[in-house]
Amino acid sequence: MELGIVGLGRMGANIARRLMHGGHTIVAYDVNSGAVAALAREGAKPARSLKELVESLAPPRAVWVMLPAGNITEDTIDSLAVLLAAGDTVIDGGNTYYKDDVRRAASLKPKSLNYVDVGTSGGIWGFERGYCMMIGGDKDVVTRLDPIFATLAPGPGSIPKTEGREGRDPRVENGYMHAGPAGAGHFVKMVHNGIEYGLMQAYAEGFDVLRNKDSKDLPEDERFTLNLPDIAEVWRRGSVVSSWLLDLGASALAADPQLEGFTGFVQDSGEGRWTVEAAIEESVPANVLTSALYTRFRSRQQHSFGEKMLSAMRFGFGAHVEPGGAKPQ
């Protein structure tokens, strides 16, 4: 298929690369002309403006916007709404608030423009591993774009099939799903990220407890100096707490056992807050997710080893660098 991509940051560029490797045609645009030129050298068709990008695509067009949530995404979609024609589709693959998706879809409908929101998980590793995607939008439009999603998805890999799934949507076993109408994709991804906060917090607190087992406040015969890199590594192999987040934590500890390359200043990118807000609106208790979010707030005032572990995992999956901090080695 042919797809326009706006936004060639870490994830946008790798999405373009994975699609090109899968045989799709990519028209690429970014305000950074250097990023456009770099992708053009790999086979993408370069565009110098949104207008040129739209004119380079054959109808019905599809344009994937991969930009930070907020004004830059709003302005880009508003501009595309003027340039695109009836039957074309805008895809937002960033970390957008789902209520904004609902609003945008409604505003584009009178122009006969389609809107699809894609909650995209995979971070900087997506080019190699593929992207887990949660998709919102009209069923017919999502189905028409399926070749794009199928190429981006990780595929079934070596994960065993779940018993009792016979007759269900096979796309899910390949790592992507149509979650529902516009907004549903980003809502599911939002809760996914809220859960991620809780999982990361559990690992962080656990490793903090392990690290402090040699505390002078303990009786001498109960003090243990534990090898955290080895503990993380052994838990990766057959343990019920194994996960990709633990893999990333193990890599960080192997490279820097004291995590001296991290201060422990832990940012939140919005989805955790939105998940807690959704829980409040639904009157659903979300104790762990809320506590994990508040811990990130507190980390900006004082830092523990657990918060360094959180920061290390965030750097591992998304290359998130602490404010004012150097990139860890």
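This is a predicted model: local features need pLDDT of at least 70, side-chain atom pairs count only at pLDDT 80 or more; totals for chains, interfaces and linings use all residues.
Leaving out residues up to four places away in sequence, Leucine 3 touches Leu19, Thr25, Ile26, Val27, Leu57, Ala62, Val63, Trp64, Ile91 and Ile148. Leu3 also belongs to the largest nonpolar core, which has 31 residues. Leu3 is among the residues with the most contacts inside that core, together with Ile5, Ile26, Trp64, Val116, Met133 and Phe149. Helix α1, residues 10-21, gives the most to this core, contributing 5 residues. Another core lies apart from it, with 24 residues, including Leu245, Leu248, Leu253 and Met313. As general background, nonpolar side chains tend to be buried together in soluble globular proteins.

Now step back and look at the whole chain. You will find 14 helices and 8 strands. The radius of gyration is 22 Å, close to the 20 Å that the globule rule gives for 329 residues, so the chain is as compact as a globular protein of that length. Along the principal axes, the C-alpha atoms fill a box of roughly 75 × 45 × 40 Å. Of the 329 residues, 47% count as buried. Among contacts with a separation of 6 or more, 68% join residues 24 or more positions apart.

Let us turn to a pair of helices, α11 and α14. Two packed helices are described by the angle between their axes and the distance between the axes. Here the axes of α11 and α14 come within 9 Å and cross at roughly 110°. An angle of 65 to 115 degrees counts as roughly perpendicular, and α11 and α14 are therefore roughly perpendicular to each other. On the α11 side, Trp244, Leu245, Leu248, Gly249, Ala252 and Leu253 take part, and they meet Phe305, Met309, Ala312, Met313, Gly316 and Phe317 of α14. The residues of this contact divide into 10 nonpolar, 2 polar and no charged.

Is leucine 310 buried or exposed? With a relative accessible area of 0%, leucine 310 is buried. Apart from residues up to four places away in sequence, leucine 310 touches Met200, Gln201, Ala204 and Val266. Phenylalanine 262 is 48 residues from leucine 310 along the chain, and their C-alpha atoms are separated by 9.5 Å.

Another helix to visit is α9, residues 184-211, where asparagine 193 has its place. Asparagine 193 counts as buried, at 6% relative accessibility. Neighbours within four places in sequence aside, asparagine 193 is in contact with Asn95 and Glu271.

Finally, look at some details of the backbone. Most residues other than glycine have a negative phi, and most peptide bonds are trans. The peptide bond from proline 59 to proline 60, however, is cis, with omega near -5°. Proline 60 lies in the loop between α3 (50-55) and β4 (62-65).

Which values of phi do leucine 259 and serine 283 have? For leucine 259, phi is near 50°, a positive value in a residue other than glycine. For serine 283, phi is near 55°, again positive. Leucine 259 is found in the loop between α11 (244-255) and α12 (271-282), while serine 283 is found in the loop between α12 and α13 (287-299). Leucine 259 is buried, with a relative accessible area of 0%, whereas serine 283 is exposed, at 65%.

Notes:
Residues are numbered from 1 along each chain as its sequence is written. Side-chain values use heavy atoms; hydrogens and water are left out. A nonpolar core is a set of buried Ala, Val, Leu, Ile, Met, Phe, Trp, Tyr and Cys residues joined through side-chain atoms within 4.5 Å. Buried means under 20% relative accessible area, exposed over 50%, partly exposed in between (1.4 Å probe, protein chains only). Helices (H or I, at least four residues) and strands (E, at least two) are DSSP runs, numbered from the N terminus. Contact means heavy atoms within 4.5 Å. Axes are lines fitted to C-alpha atoms, for helices over the stretch in contact, and angles run from 0 to 180 degrees between N-to-C directions. Angles under 35 degrees count as roughly parallel, over 145 as roughly antiparallel, 65 to 115 as roughly perpendicular and the rest as oblique. Ala, Val, Leu, Ile, Met, Phe, Trp, Tyr, Cys and Pro count as nonpolar, Asp, Glu, Lys and Arg as charged, and the others, Gly among them, as polar. The radius of gyration is taken over C-alpha atoms; the globule rule is 2.2 Å times the number of residues to the power 0.38.
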